[in-house]
Amino acid sequence: MYRNKEKMLVSILLWSVVGVIGFTGVFIFLGVFFDTLGSTEASVGAGFLFCAFLCGAMVWLYVKTFANLMVMNRISDLLALDEDGVVPLQELADEMKTPKMKLLRHMDKGMRKGFLVNMNYNASDGVIYLSDRARRKEILFKGVPEDKPFVGVHCEGCGASLKIRVRTRGTCPFCGREIIQG
């Protein structure tokens, strides 16, 4: 529900091809290296050893990517169990037995790459809002002052025309000066 199954499947299939090529290459190049050890030039053996290391790097990337996808699957499964649409990050970290910052990195990567969907992380509250379950107006629009309309103002620093809510403060995006609207 909170994972993009199609994108994950395509990623697993593509990385599985890389993994198979890597595993095959490691065994072939290491086999050739040990088979020719001592019978040929050192440069030929070094070339086969170098190729084995390159294939080993492909295997390492495959394993790392597969592990990341499994963590994202676990995150999605745990979020699917929530009922109110608001999940504190610390609660999720405790459930996964993972440090909060490490979990946040996994979630950030998953959301940026499109593997994790239908969620938002609010850093100021330290919670994850699930877009399909957080239906209450006070959750979805938390902090949006609907009773305060926008008004046009001019920045005293650079003269830029800006819109700001009544009785709020902001920062001019052009010069950085603080704007306070009475």
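With the expected span taken as 1.5 Å times one less than the number of residues, the 31 residues of α1 should span 45 Å, and the end C-alpha atoms are 44 Å apart, which agrees. Please keep in mind that this is a predicted model, in which local features need pLDDT of at least 70 and side-chain atom pairs count only at pLDDT 80 or more, while totals for chains, interfaces and linings use all residues. Residues are numbered from 1 along each chain as its sequence is written, and side-chain values use heavy atoms, with hydrogens and water left out.

In α1, the buried residues are Met8, Ser11, Gly19, Gly22, Gly25, Val26 and Phe33, where buried means under 20% relative accessible area, exposed over 50%, and partly exposed in between, with a 1.4 Å probe and protein chains only.

Which residues of α4 are buried? They are Leu103, Leu104, His106, Met107 and Gly110. These residues cover an arc of only 160° around the axis, so they sit on the same side of α4, the arc being that of the directions from the helix axis to the C-beta atoms. On the other side of α4, Met101, Arg105 and Arg112 are exposed. After α4 comes Gly114, with a positive phi near 85°.

Arg112 brings me to the salt bridges, each defined as a side-chain nitrogen of Lys or Arg within 4 Å of a carboxyl oxygen of Asp or Glu; the structure holds three of them. Arg112 pairs with Asp108, the closest N and O atoms being 3.2 Å apart, and both residues lie in α4 (residues 100-113), four residues apart, about one turn of the helix. Arg112 is exposed at 59% relative accessible area, whereas Asp108 is partly exposed at 38%.

Another salt bridge joins Arg3 to Asp77, with the closest N and O atoms 2.8 Å apart. This pair links distant parts of the chain, 74 residues apart, with Arg3 in the segment before α1 (5-35) and Asp77 in helix α2 (residues 42-80).

The remaining pair is Glu156 with Arg177, at 3.9 Å between the closest N and O atoms. Here too distant parts of the chain are linked, 21 residues apart: Glu156 lies in the loop between β4 (150-154) and β5 (161-165), and Arg177 in the loop between β6 (169-171) and β7 (178-180). Glu156 counts as exposed at 69% relative accessibility, while Arg177 is partly exposed at 40%.

How values were computed: Helices (H or I, at least four residues) and strands (E, at least two) are DSSP runs, numbered from the N terminus.
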